[in-house]
Structures are given as C-alpha cells and as structure tokens.
Amino acid sequence: MSEFTIERVKTGIPGLDELIEGGFPRGDTILIAGKAGTGKSILAIQFLFKGATLYNESGVLVTLEEPPHLIRRNMLRFGMDLAQLERAGRLAIVDLSPSKEVTPVTVGEYPSFDLSGLEAIILNHVKRLNAKRVVIDTLSIMAYKFRSRDILREEFFKLCASISRAGCTLLLTSEIPAQDTGLGVFDIEAFLASGVIVLYNEKISDTSRSRSIEVLKLRGSKHSSRIHSMRITDEGIRVWPGEITPGH
Amino acid sequence: MPFPRFRSISFLPKKRERAAKVEEAEEPTIIEIFLFKSDACVFCPRAEEVIRETIEDFDASVFKFTVINVTESPEAAEKYGIFALPTVMIGGVSITGIPEPEMLLKMILGAKVTKKKGAAE
C-alpha cells in the first residue's frame, strides 16, 4: 500500500471527522443530501464557521434560498455569530436568494446560457478573502429557477471544477424531494461530487424521530459504511461515531 | 321667459395647463437596456448583436444600452442576483439566453407602458 496521504480539511463538526479519516480531501466537492429539515444547511454553515474560527480558513457562503438575515439569526441559536466573521473578513455571505429586493422578474429563458456569472461572483469573494471553503446552499433551487436541466448539469460540472482549481473545498447541499429515493432533483448530484453525505430524520415510532448521518461515498478515503446517530444540539450538529442509529 | 343666466363653470383644464400636459406626455421616454455578459460566455456576443440589431430601427435617443461585463464587475451581477449569462434586463424584467427580437420588443413595450403609467400617476 502506498504511503501517499491526501491532505484533509477538518470539518470541525464533532464526531464527523472520525468517520472520514480526519476530514474531507482538500479541494474536493462534497454533496450534503437530505430531505427537508434534516440539517443540511446547518452542517454546511457549521463547516464554514469552524473553518474560520478553528482552522484559520476563510469561507464563502452562497445562499440561493434563505435570505442572509435569517441565516445569521438562525445560526446565532447555535452560538455561531456569522456577522462577526463577516466584519472580520473571514466569511462572505453571497445573497442570491429570491427575496433579494433588486432582482429583476425573469420572463423567460432560452437554452443558450452558462453559469459564468455565478462563477465570477463566487471567485471574486474567494480571491478577496483568500477563502479555502465554499458552500452553495442549495443546488436544488436551480432546478426551479431554470428549465434547461441539461445545460445546468454541464454548467455545474464546470463550476465545481473552477472552484476546486481555486484551491477551495466545496460543499453543495441538495434537497431530496419527500417521496424520492435519489439524491436530489437533478439525478446527477452524486456524479458532481467526489463525496456524498446523506442526512436522515426518520420516524421511528408514532411519537419520535431519529436523526442520523451516512457517508455514502468519499473518494480516496476509507470511510464508515454505517449509519451513525446525529443530533442538532445547542452548539450545532454533533455526530456519535460509535452509535449506530436505531432506525436503520 | 328670458333664459336664466348661469355662470359658466368649466371642468376642463385651462388652455395653458392642457398644453403643459401634452408637452409632458410627449417627452421622450428613455428605455434602459442592460446586457450582463462575461469574457467566458460564448453566447454573449450573439446576444449583444441581437439587441443592437433590434434597436437600430428606432430613434437612438429612445434607448440607453449598457453592457455589464461580469468578469470585470462581478459586484454588479451580485447586486441584481444575475448569475446565468447572457441576461438582458429591461425595466425590472429579465430574460436569460440569446433573446429573440420579438421578445425584446415585448419587453421594451412593457417598459414603455410601465414608465408612462408611472409618469401619469
């Protein structure tokens, strides 16, 4: 066996790094998939917060769904002051949410476009902050914004490659529709990423649900193949590596 | 019986006021057209051509055409939440991809109507 080791990016999420050989491979694209309310955004933003506060790595959060003021408010509940990080130049929140006041109303779309605008916006912040971590939350909203799925698929490959070339580790969140068994609305989410993490919040009895996390794939890593217990605590997400979830 | 004498009351604006209103309405409405493009976008040059060809038949003073290169000014794209290119924005509405001239004309007409409505209110 080769002694070559892959550089790891610690997530800072208690318990998660133990499941993935110490962290995500640097420069990789990781998909965080799960149904609504499973904690995808919390996990992704926690990855940025811990990067900036514990590992001296600035981050860029691109929000396509939730407005920034609500993200800041909700993360404060877990003791994560994003505004303070923004002021310190350790975090940039890029607001591309539909609630943005000056966004024009889209009246149509022709199948002759690319996402070079999104790429330019993200790379501008990456360069400005010398960021090493990028989160796009959530990929699924693009499926509702644009009809041309084939173009989007190709463009996402290009976008992920470009962010990776800039030396960043990219986390994409993807919402799995309620009755769906795939990993998102595009059906290619798993191919976009070299790592896939799935979050669950399964009903285990009439009165309770159980949260869990599964590392479905992580190229270049020996990762756990089990489904582990996870909780959303007052300090954010915590994973119990030794605890196998009762729901699975 | 003599015809009763009434004071004449006119509900029409005076001649001078009417003239001022006509002048105001006939003031040319400038339609602003924005094209968001990037250096990497292969569809953008054609989109720019279509816009220029569509508006060249009109009086040049009617339009203000601004091209925003997102590669040079990513902040402008972020401000308007535009990340797919090319995107044409006219009077608060936008279209992505190489536009058809008919669609551009509809958007221009829409912007003109909105401006006139706004001016009348």
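Let's start with helix H2 of chain B, residues 44-55: its twelve residues reach 17 Å from the first C-alpha to the last, close to the 16 Å expected at 1.5 Å a residue. That expected span is 1.5 Å times one less than the number of residues, and helices (H or I, at least four residues) and strands (E, at least two) are DSSP runs numbered from the N terminus. This is a predicted model, where local features need pLDDT of at least 70 and side-chain atom pairs count only at pLDDT 80 or more, while totals for chains, interfaces and linings use all residues. Residues are numbered from 1 along each chain as its sequence is written, and chains are lettered from A and ligands numbered from 1 in the order in which they are written.

- B:Cys44, B:Ala47 and B:Ile51 are the buried residues of H2(B) (20 or more other C-beta atoms within 10 Å of their own, with C-beta atoms placed from the backbone).
- Seen down the helix axis, these buried residues fall within an arc of 60°, so they line one face of H2(B) (the arc is that of the directions from the axis to the C-beta atoms).
- On the other side of H2(B), B:Pro45, B:Glu49 and B:Glu53 are exposed (12 or fewer such atoms).

**Where the chains meet**

- In chain B, 29 residues are in contact with 24 residues of chain A (C-beta atoms, placed from the backbone, within 7 Å).
- H3(B) gives the most to the side of chain B that touches chain A, with five residues.

**Strands across the chains**

- Strand S6 of chain A (residues 105-109) runs parallel to S4(B), joined by four bridges.
- A:Glu109 has B:Thr96 as its bridge partner in S4(B).

Note on methods. Contact = placed C-beta atoms within 7 Å. Pairing = 2+ DSSP bridges.
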